[in-house]
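Hi there,

Here is the structure I promised to pass on to you. Please open it next to this email and follow along as you read.

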Amino acid sequence: MGIRKFAVTPGFGEGGTVFTAQQMAVLGSAVGQEALIELTTFKQLYVAVEEEELEEVQARLQAAGLEIHPAGFYTKSLITCNFCRGAEDAGLETAKKLDGVIAGHPVPSPLRIGYAGCALGTSEPLLKDIAVVKMKERFDVYVGGETKGLKAVLARLLIAGVREEELEPIVMGLITIFQEEGKKKEKFSKFIDRISLATLREAANRKLRHHT
């Protein structure tokens, strides 16, 4: 029936993205000794299994507390910092809510969305396609980071001083715009260059006004 690939992550919390030894043991047992497990730059593991074994394997992994996400051209699970300033100050619950909304949507090319709980930015948010940085009680949203190639670029500020309740509609608005207007295999940074940062900002604000 063929091979199916999917992504596995333990989620995140204080301390960052951490697998337990038990979870790793379950993962190795579930996929088998011959399976190859790829460590990605998305803080996810990619696993390939026979299609007829897919449901059973995924059920075992979820029972061990692991999250399952699609591999390929989808929005990735939120890439976060280690919340070193504490769960409340760094906005752990906000990040978890955002992750639950944004992960796993089909897009023209894989979309990396980052979160940093303070201006230290230990999760390297400005190297992500979309990034949220907590600044005291508000959030700044950046777009267009690119790590690959000899012309790597930092993400640019899109909207500053965003309230917590505005984060989800803004980020989902950006994802929707990319889904609707992005070209197949077009990187998000190239997409921004093509439509312009000003146009993207206006579109995001329009989505936000519609939400409110």
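Let's begin with phenylalanine 12, which counts as buried because its relative accessibility is 11%, under the 20% cut-off. Please keep in mind that this is a predicted model. Phenylalanine 83 is buried too, with a relative accessible area of 1%.

How many aromatic pairs does a search of the whole structure find? There are five. In one of them, phenylalanine 12 and phenylalanine 83 are stacked, with 6.0 Å from centre to centre and 20° between the planes. Phenylalanine 12 sits in the loop between β1 (3-9) and α1 (21-31), and phenylalanine 83 in the loop between β5 (79-80) and α3 (87-90), so this pair ties together parts that are 71 residues apart in sequence. Along with Tyr115, Phe12 and Phe83 make up one aromatic cluster.

Now for the charges. Side chains of opposite charge can pair when their charged atoms come close. The count of salt bridges in the model comes to nine, and here are three you can look up:

- Aspartate 129 and arginine 112 meet through their side chains, at 3.1 Å from N to O. Aspartate 129 lies in the loop between β6 (113-116) and β7 (130-135), and arginine 112 in the loop between α4 (92-102) and β6, so the pair ties together parts that are 17 residues apart in sequence. Both aspartate 129 and arginine 112 are buried.
- Glutamate 166 forms a salt bridge with arginine 163, and their closest N and O atoms are 3.0 Å apart. Glutamate 166 is buried at 12% relative accessibility, whereas arginine 163 is partly exposed at 35%. A network of salt bridges links Arg163, Glu165 and Glu166.
- Arginine 206 and glutamate 202 form a salt bridge at 3.7 Å, N to O. Both lie in helix α7 (residues 197-211), four residues apart, which is about one turn of the helix. Arginine 206 is partly exposed at 47% relative accessibility, and glutamate 202 is partly exposed at 35%.

Glutamate 50 belongs to strand β3 (residues 45-50) and is partly exposed, with a relative accessible area of 32%.

Lastly, find lysine 184 in the loop between α5 (164-181) and α6 (188-195). Lysine 184 is exposed, with a relative accessible area of 74%.

Happy exploring!

Definitions and conventions:
Residues numbered from 1 in each chain as written. Predicted model: local features only at pLDDT ≥ 70, side-chain atom pairs only at ≥ 80, totals over all residues. Heavy atoms only, no water. Phe/Tyr/Trp six-rings, centres within 6.5 Å; stacked < 30°, edge-to-face > 60°. Helix = DSSP H or I, 4+ residues; strand = E, 2+ residues; numbered from the N terminus. Buried < 20%, exposed > 50% of the residue type's maximum accessible area, 1.4 Å probe, protein only. Salt bridge = Lys/Arg side-chain N within 4 Å of Asp/Glu carboxyl O.
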